[in-house]
Amino acid sequence: MRSWNFYAGPATLPLSALERARDEMIDWAGTGMSVMETSHRSKEYDAVHHEAMDLFRELLGLDDDHVVLFLQGGASLQFAMVPMNFIPKGGSADYVITGSWAEKAFKEANIVAKARIAGTSEGNGFTRVPAQHELDLDLAAAYVHITSNNTIKGTQYHEFPDPGAVPMVADMSSDLLWRPFDANRFALIYAGAQKNLGPSGVTAVIVKRSWVEKANSGLPTMLRYGIHLKEESLYNTPPTFSIYIVRNVLQWVKAEGGLAAMERRNRAKAELLYGVIEGSSGFYRCPVEPASRSVMNVVWRLPSEELEGKFLGEAKTNRMFGLKGHRSVGGCRASIYNAMGIDGLEALASFMKDFAQRNG
Ligand SMILES: *Cc1c(COP(=O)(O)O)cnc(C)c1O
């Protein structure tokens with residue numbers, strides 16, 4: 001029996017993606033081996049690798065100038081790789097600070113190059129994302145970096161900033177593929193797979209080929225986007241099993257109706273949960289301003305930490321896991337990525353209403 005899995009990441013995966021892996025674990029594609037045991041240079045693996053890339057292209061509607069890469073080191077390595085490749089000597093990049101992941105990205109950029117803060121919602125306790133008019137953008141910046149969804153704080157951009165002619169880079173680790181959007185507007189998008197795309201171990205990078213051509217030279221080979229682009233993410237051994245599962249997940253997204261279907265599902269799920277919070281006469285309280293509320297990570301508090309502990313304990317006995325807020329902020333959080341069905345939200349909503357009634 002499957003549990004209700006609200007972990008922020010690694011997170012729940014579509015059942016069909018797991019079942020396919022189970023069925024193919026011992027004998028995959030008629031090879032008599034698992035994908036894990038097969039050469040990354042085999043034609044069988046190559047088909048999976050390129051199918052995963054092609055599915056990304058198709059789901060996102062990428063133009064010919066955008067390519068999909070599968071890298072390692074998580075989103076955290078992208079925090080350093082982006083500035084190493086794209087901030088020229090003597091130049092700087094703009095960062096919009098909307099929470100701890102954005103802060104980490106900014107910090108890494110300042111280790112390897114120079115970055116400045118173009119906007120921050122720290123003064124509001126990161127309970128919203130900054131509006132366009134609050135940004136102080138440097139027209140000469142190498143790029144503007146944003147974090148599309150703030151996994152810990154539960155905020156999300158519903159409309160992306162307009163950086164004008166400056167290339168835009170986004171950390172979309174916790175919301176890539178939640179809805180259709182114009183990915184071609186971005187110079188680079190990166191996402192650790194373990195939230196909304198698959199298992200840990202692989203990072204999806206969508207990058208503009210013409211931008212990579214202008215990247216800094218002199219970097220170690222593994223840290224150059226150019227080499228991964230040229231070798232189609234097969235310069236060294238890629239995380240083959242993780243990419244195989246990502247392929248299975250993308251097949252599921254497509255079969256469900258693509259990103260438009262994901263958006264409908266995700267909005268219905270989030271509305272249900274925010275509705276319970278808002279309808280609880282103040283028992284549950286979401287600190288995030290309504291216009292910035294995340295559709296992927298919903299955060300809320302209870303009247304006391306003691307009640308929060310009781311809530312989390314009872315949730316577990318109801319087979320609901322991963323509802324504890326990030327250790328840096330406390331409270332509760334439900335991560336409701338693409339793979340979480342509406343049935344999980346119905347179960348959570350009914351438990352929350354019942355708990356409020358008994359403890360309110
Ligand atoms: C989880 C997360 C990260 C860190 O990802 P790793 O793959 O563990 O390095 C970075 N940014 C955001 C927005 C995240 O949610």
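The structure is a predicted model, in which local features need pLDDT of at least 70 and side-chain atom pairs count only at pLDDT 80 or more, while totals for chains, interfaces and linings use all residues. Residues are numbered from 1 along each chain as its sequence is written, and side-chain values use heavy atoms, with hydrogens and water left out.

**Overall form**

- The secondary structure amounts to 10 helices and 13 strands, where helices (H or I, at least four residues) and strands (E, at least two) are DSSP runs numbered from the N terminus.
- The radius of gyration of the protein is 21 Å, which agrees with the value near 21 Å that a compact globule of 360 residues would have; this radius is taken over C-alpha atoms, and the globule rule is 2.2 Å times the number of residues to the power 0.38.
- Along its principal axes, the C-alpha trace spans about 60 × 55 × 30 Å.
- Among contacts with a separation of 6 or more, 67% are between residues 24 or more positions apart, a contact being heavy atoms within 4.5 Å.

**Surface and charge**

**Interior**

- Buried residues make up 55% of the 360 residues.
- The largest nonpolar core has 51 residues, of which Phe56, Leu60, Ile146, Leu176, Phe181 and Phe186 touch the most other members; such a core is a set of buried Ala, Val, Leu, Ile, Met, Phe, Trp, Tyr and Cys residues joined through side-chain atoms within 4.5 Å.
- Apart from that core lies another, of 38 residues, among them Ala11, Trp178, Cys286 and Ala356.
- Leaving aside residues up to four places away in sequence, Phe186 touches His66, Ile146, Phe160, Met168, Ala170, Met172, Phe181 and Lys208.

**Buried loop positions**

- Gly322 belongs to the loop between β12 (320-321) and β13 (332-335), and its contacts, apart from neighbours within four places in sequence, are Phe6, Tyr7 and Arg333.
- Although Gly322 and Asn5 are 317 residues apart in sequence, their C-alpha atoms are 6.3 Å apart in space.
- Gly198 sits in the loop between β9 (188-192) and β10 (203-208), and its relative accessible area of 2% makes this glycine buried.
- Beyond its neighbours within four places in sequence, Gly198 is in contact with Leu13, Ala193, Val246 and Val249, and its C-alpha is 8.4 Å from that of Arg247, a residue 49 positions away in sequence.
- Ser34, in the loop between α1 (15-23) and α2 (43-60), counts as buried because its relative accessibility is 4%, and it touches Glu24, Met25, Ile26 and Trp28 when residues up to four places away in sequence are not counted.

**A strand position**

- Ile117 is part of strand β4 (residues 115-120), and at 41% relative accessibility it counts as partly exposed.
- With residues up to four places away in sequence set aside, Ile117 touches Tyr95, Ile97 and Phe106, while its C-alpha lies 9.6 Å from that of Val144, 27 residues apart from it in sequence.

**Backbone features**

- Gly9 and Pro10 are joined by a cis peptide bond with omega of about -10°, and Pro10 falls in the loop between β1 (4-5) and α1.
- Glu232, in the loop between α6 (225-230) and α7 (240-255), has a positive phi of about 50° although it is not a glycine, and its relative accessible area of 41% makes it partly exposed.
- Ser233, which is also placed in the loop between α6 and α7, has a positive phi near 60° in a residue other than glycine, but Ser233 is buried, with a relative accessible area of 3%.

Note on methods:
Buried < 20%, exposed > 50% of the residue type's maximum accessible area, 1.4 Å probe, protein only.
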